[in-house]
There are 2 protein chains.
Amino acid sequence: MPQKNVPAIVVGRLPLYLRTLQFLKNEGKRVTSSQELAERLGLTSAQIRKDLSYFGEFGKQGTGYAIEFLEEQLRGILNVNRQWNVFLVGVGDLGRALAHYRGFQANGFRLVALFDNAPKKIGGKVGDLTIHDTSAMPRVIAEKKLRIAILAVPAESAQAVAEQLVGLGVRAILNYAPVTLSVPPKVKVYYIDPVAALQGMTYYL
Amino acid sequence: MPQKNVPAIVVGRLPLYLRTLQFLKNEGKRVTSSQELAERLGLTSAQIRKDLSYFGEFGKQGTGYAIEFLEEQLRGILNVNRQWNVFLVGVGDLGRALAHYRGFQANGFRLVALFDNAPKKIGGKVGDLTIHDTSAMPRVIAEKKLRIAILAVPAESAQAVAEQLVGLGVRAILNYAPVTLSVPPKVKVYYIDPVAALQGMTYYL
DNA sequence: TAGATTGTTAATCGATTAACAATC
DNA sequence: TAGATTGTTAATCGATTAACAATC
């Protein structure tokens, strides 16, 4: 349950703190400080302390933060101290790649269903998942109580699919389609567009 | 050549404006307005006008913006009115997927070289590209004058590889490794981390 | 105790937005 | 001309940072 009114930009940094803590733990450390975290992340220590202060007091003056403890706290705040089942819509070029990607599973996001609307693809398999027709989405999403979608359909159909997903109770969309989606505020969308990212960098070249 | 001191966040929005213009053009439109763009992008029209004003005056009072003209201007500003050759380091699970992705090519970013350090992979092919040993990077990068890298190595080696790339003259890194890179300011890094993205969304679920 | 580092306040910095004169 | 929309200014809003008392 979101504590105060935490800015989205702060929430977006918490996963970075979390992964940095895991990294430090792997190095055998048990305690860290806002300064050490800041160095690793290219931020200021004040920002890290301020961000954490939205959620509670997790450190000790003079010594810093117990890594394992802070890690668990962040997992709790982010709701990632559990497994989330996710599904993918659009098994094209990109979708197929995403279905093969092991990083989701390795971090508690398990891909449990694939959908596409191309008759040729329906019934096909990617890994051990079968591609279902998009017409099966209402049933499967309800049965598996899915709330997180990965969207990898063409830009032209993304808005229509997103609307359908919202109607089916989806609350978070990781959107790989290069288009801004219009959805109700309760639905969160995160955009991943590597081409836009490259175009933003060539400006400086 | 960057005009004034344009905030990075503004530069980051230009690709979104560009792709929206392409979208509108595909719909047969020839003219648009800051208001129409704003609606499509979920921004305010004032922001769009302000952003564009960093670079010049591209519209006409009363009528708005000629789509094709503004598109060309933005391409010029972003330096994407040409083809860029890019290369990929790290041909694992994820790298392989990226190598197959056609979206780069389709938008003027041509993948021209693949590198990995696993002996088993060297000499192997992905599509019509051969995987080279990372030891060949200095030669290939110099020969092909490459300045844009896509980094898809494990988090543990990302920093070391990034430093090597910087030494070889790379100026832009699209980083898929879940770690913050420390590089000189002249080198631009863009981070893509779908797991962090999902973790930022589950906060709200 | 002395040194270190937190959590928090207040100041600063930067980005967004409202408003409107200019003008097509 | 009347209506529409730009480019820009100034106000507002929000995020970052510096500073420091509290305290381990």
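## The second largest cavity

In this predicted model, the lining of the second largest cavity comprises, by class, six nonpolar and two charged residues, with no polar residue among them. The residues that line this cavity are A:Tyr190, A:Tyr191, A:Ile192 and A:Asp193 together with B:Tyr190, B:Tyr191, B:Ile192 and B:Asp193, and the elements that give two or more residues to the lining are strand E10 (188-191) of chain A and strand E10 (188-191) of chain B. The space that lies in the second largest cavity comes to about 50 Å³.

## The largest cavity

The structure holds two cavities of 30 Å³ or more, and the largest of them has a volume of about 210 Å³. Its lining is made up of 14 residues, of which A:Leu94, A:Leu98, A:Tyr176, B:Leu98 and B:Tyr176 are the closest to the centre of the cavity.

Both chains take part in this lining, with helix H5 (93-100) of chain A and helix H5 (93-100) of chain B each supplying at least two residues. The helix that gives the most to the lining of the largest cavity is H5(B), with four residues. When the lining of the largest cavity is divided by class, 13 residues are nonpolar, none is polar and one is charged.

## The surface near DNA strand C

DNA strand C is surrounded by 25 residues, the closest of which are A:Ser34, A:Arg49, A:Phe58, A:Gly59 and A:Tyr65. Of the atoms of DNA strand C that come within 4 Å of the protein, 66% belong to sugar and phosphate. By class, the surface near DNA strand C has eight charged, 12 polar and five nonpolar residues.

A polar side-chain atom of A:Arg49 lies 2.7 Å from a base nitrogen of DNA strand C, while a backbone N or O atom of A:Phe58 lies 2.9 Å from a phosphate oxygen of DNA strand C. From chain B, a polar side-chain atom of B:Thr44 lies 3.1 Å from a phosphate oxygen of DNA strand C. The elements that give two or more residues to this surface are helix H3 (45-53), strand E2 (59-60) and strand E3 (64-66) of chain A, along with helix H1 (8-26) and helix H3 (45-53) of chain B; the largest share, four residues, comes from H3(B).

## The surface near DNA strand D

Around DNA strand D there are 25 residues, and the closest are B:Ser34, B:Arg49, B:Phe58, B:Gly59 and B:Tyr65. Sugar and phosphate account for 66% of the atoms of DNA strand D that come within 4 Å of the protein. The residues of the surface near DNA strand D divide into eight charged, 12 polar and five nonpolar.

Methods
Residues numbered from 1 in each chain as written. Chains lettered and ligands numbered in written order. Predicted model: local features only at pLDDT ≥ 70, side-chain atom pairs only at ≥ 80, totals over all residues. Heavy atoms only, no water. Near = heavy atom within 4 Å. Polar contact = N/O pair within 3.5 Å; in protein donor to acceptor, adjacent residues only side chain to side chain. Nonpolar A, V, L, I, M, F, W, Y, C, P; charged D, E, K, R; others polar. 1 Å grid on protein atoms, 1.4 Å probe; cavity = no way out; pocket = protein on both sides within 12 Å on 5 of 7 lines; lining within 4 Å. Points joined across faces, edges and corners; volume = space filled by probe spheres on them.
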